[in-house]
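Keep the sequence and the 3D view open as you read.

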Amino acid sequence: MHTRRSSLLSQAPSPSGRGPRQRRSNPRRARTAGALLAAATLLVSACTAGGRPSSPGRPAAEAALTALPRSTPAAVAPYYGQKLKWRDCGAPGFQCATMKAPLDYAKPDAGDIRLAVARKKATGPGERLGSLLVNPGGPGGSAIGYLQQYAGIGYPADVRARYDMVALDPRGVARSQPVECLGGREMDRYTQTDFTPDDEQETGELVDAYKRFAEGCGADAPGLLRHVSTAEVARDMDILRAALGDERLTYVGASYGTFLGATYAGLFPDRVGRLVLDGAMDPSLPARRMNLDQTAGFETAFQAFARDCVRRPDCPLGTKASKVGANLKAFFRKLDARPVPTGDPDGRKLGESLATTGVIAAMYDEGAWAQLRNALSAAMEERDGAGLLALSDSYYERDADGRYTNLMFANAAVNCVDLPAAFANPDEVRRALPAFEKASPVFGEGLAWATLNCAYWPVAPTGRPHRIEARGAAPIVVVGTTRDPATPYRWARSLSRQLSSARLLTYDGDGHTAYGRGSTCVDKTINAYLLRGTPPTRDKRCS
């Protein structure tokens, strides 16, 4: 996951989530990139109902998301009554439409925002169960891209037969009035910024990079930036539910999509149908704690990679798992001093920042570990950085022509409005470095500095950490993977304890998220819930 929600990864010049890579046509590989890289950008925001911050004097553990009134306010009622006009949208079997929502729910008469929607109608046989809304995470991942490249063709046939598969690109994302910040060449420079500064000069360069990024976003759409919060997107989802003719929302969200789904449940508990929250986030955490937890999550995933690597004859990082991290860190230091060629037509070389991003991208899916070994071997032994550059480009969603999707821009926009910044200035980062480096000796320093970007954001945050209880909601399935790098397993346990009707489904495995990633136990459990409304027993465990 860009799970990806992490505030930390996707917004910095280094690698949270996870934006689906639409360039891959194979459904399984599209799932990997979608759920993984969008997740990579990962991660986390939190808002109160209506986007208002909770009382600053209340500890996060005591603040809970308040449900909205059951009756629809008169000023918003016209949006709920709109009819979607479906049209062909170029992908065989899929239809597209445009939905309107208030730009500002506090002032619904102040103007609209136009949001892109797509669907693939139920194929039958069997009784139609309604609409199944999907979201791959990010924030910033295109739900429509995910639907067309994976969910609409790769979800279990029985699920696609009974549900209309539906996706909404959230406000500010992809087809829904996307936030734009930097051009391709500017973004290339940004992603190569040194995010482990060694002195005051390099620290100043990093701060300047964050400021240019933020200024670019603010210049593009200052009004929109104030209204891309998770709480507002959850309210958009309820308008879509009504426009689709469904009494309750059925939803599968991955990575950041779990925060979005949980927020919907907290705001509209009486409209919850069958909700699956896969690769769950904990909305009660402040940004610093969330980023520290995610740093530890990447370390857990890296240690699993290290144990696997040393058993392989092609491991370039040694023969002892305990030494793999130190060997990789030493390689990063060499790249910091002397980047290696990549053959890139735009002249980019592989420095520490791009190499770190490439390694982190591979942590989202154990299926990418062989590719990572090959890329590291080429870079370390042959001074050929092309493989790691390709992994980094997939993370950032950069194509061969040097164009970037708006994944990273939307990721920062949502994260920075959903939570107060983790750090206000470089001195605060320096004081926190020991804790981050303890959480991950390999990635801790870079991920600590990556959290600084929201300090310079042009729009003040509207959200605060809070619990989500969703009292009165139907059973909600929360899924956690024990060695998930982007959304640590402890977050799934925490969310399952907050949600009053949650059932925790644990996948004992590697990688980011669990549904559709190879566990027959996980897939059968979730399919039974979606098709028959049968939630798992509490604390069910799969391998």
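F213 is buried, at 2% relative accessibility. The cut-off for that label is under 20% relative accessible area. W457 is buried too, with a relative accessible area of 9%. These values come from a predicted model.

**Aromatic pairs**

How many aromatic pairs does the structure hold? The structure holds 16. F213 and W457 form a tilted pair, with 6.4 Å from centre to centre and 40° between the planes. This pair links distant parts of the chain. F213 sits in helix α7 (residues 200-220), while W457 sits in the loop between α18 and β8. The two residues are 244 residues apart.

Now turn to two tyrosines. Y364 has a relative accessible area of 0%, so Y364 is buried. Y395 also has a relative accessible area of 0% and is buried. The ring centres of Y364 and Y395 lie 6.5 Å apart, and their planes meet at 40°, so this pair is tilted. Y364 lies in the loop between α13 (352-362) and α14 (369-382). Y395 belongs to helix α15 (residues 386-396). The pair therefore ties together parts that are 31 residues apart in sequence.

Tyrosines also form a group. Ring pairs join Y146, Y150, Y155 and Y515 into a cluster.

**A buried phenylalanine**

F298 is part of helix α11 (residues 287-309). Is F298 buried or exposed? F298 is buried, because its relative accessible area is 0%. The C-alpha atom of F298 is 7.5 Å from that of I360. Along the chain, F298 and I360 are 62 residues apart.

**Disulfides**

A disulfide is a covalent bond between the sulfur atoms of two cysteines. A search of the whole structure finds 5 disulfides. Count the bonded cysteines along the chain, and the pattern reads 1-2, 3-4, 5-6, 7-8, 9-10.

| Cysteines | S to S | Angle about the S-S bond | Handedness |
|---|---|---|---|
| C309 and C315 | 2.0 Å | 105° | right-handed |
| C416 and C454 | 2.0 Å | -85° | left-handed |
| C521 and C542 | 1.9 Å | -55° | left-handed |

C309 counts as buried because its relative accessibility is 0%. C315 has 13% relative accessibility, so C315 counts as buried as well.

Next comes the disulfide that joins C416 to C454. Which parts of the chain does this pair tie together? C416 lies in helix α16 (residues 407-418). C454 lies in the loop between α18 (444-450) and β8 (476-483). The pair therefore ties together parts that are 38 residues apart in sequence. Both C416 and C454 are buried.

C521 is in helix α20 (residues 520-532), and C542 is in strand β10 (residues 540-542). So this pair ties together parts that are 21 residues apart in sequence. How do the two ends compare in accessibility? C521 is at 27% relative accessibility, so C521 counts as partly exposed. C542 has a relative accessible area of 3%, so C542 is buried.

C454 joins C416 through a disulfide, whereas W457 forms an aromatic pair with F213.

Notes:
Residues numbered from 1 in each chain as written. Predicted model: local features only at pLDDT ≥ 70, side-chain atom pairs only at ≥ 80, totals over all residues. Heavy atoms only, no water. Disulfide = S-S within 2.5 Å. Buried < 20%, exposed > 50% of the residue type's maximum accessible area, 1.4 Å probe, protein only. Helix = DSSP H or I, 4+ residues; strand = E, 2+ residues; numbered from the N terminus. Phe/Tyr/Trp six-rings, centres within 6.5 Å; stacked < 30°, edge-to-face > 60°.
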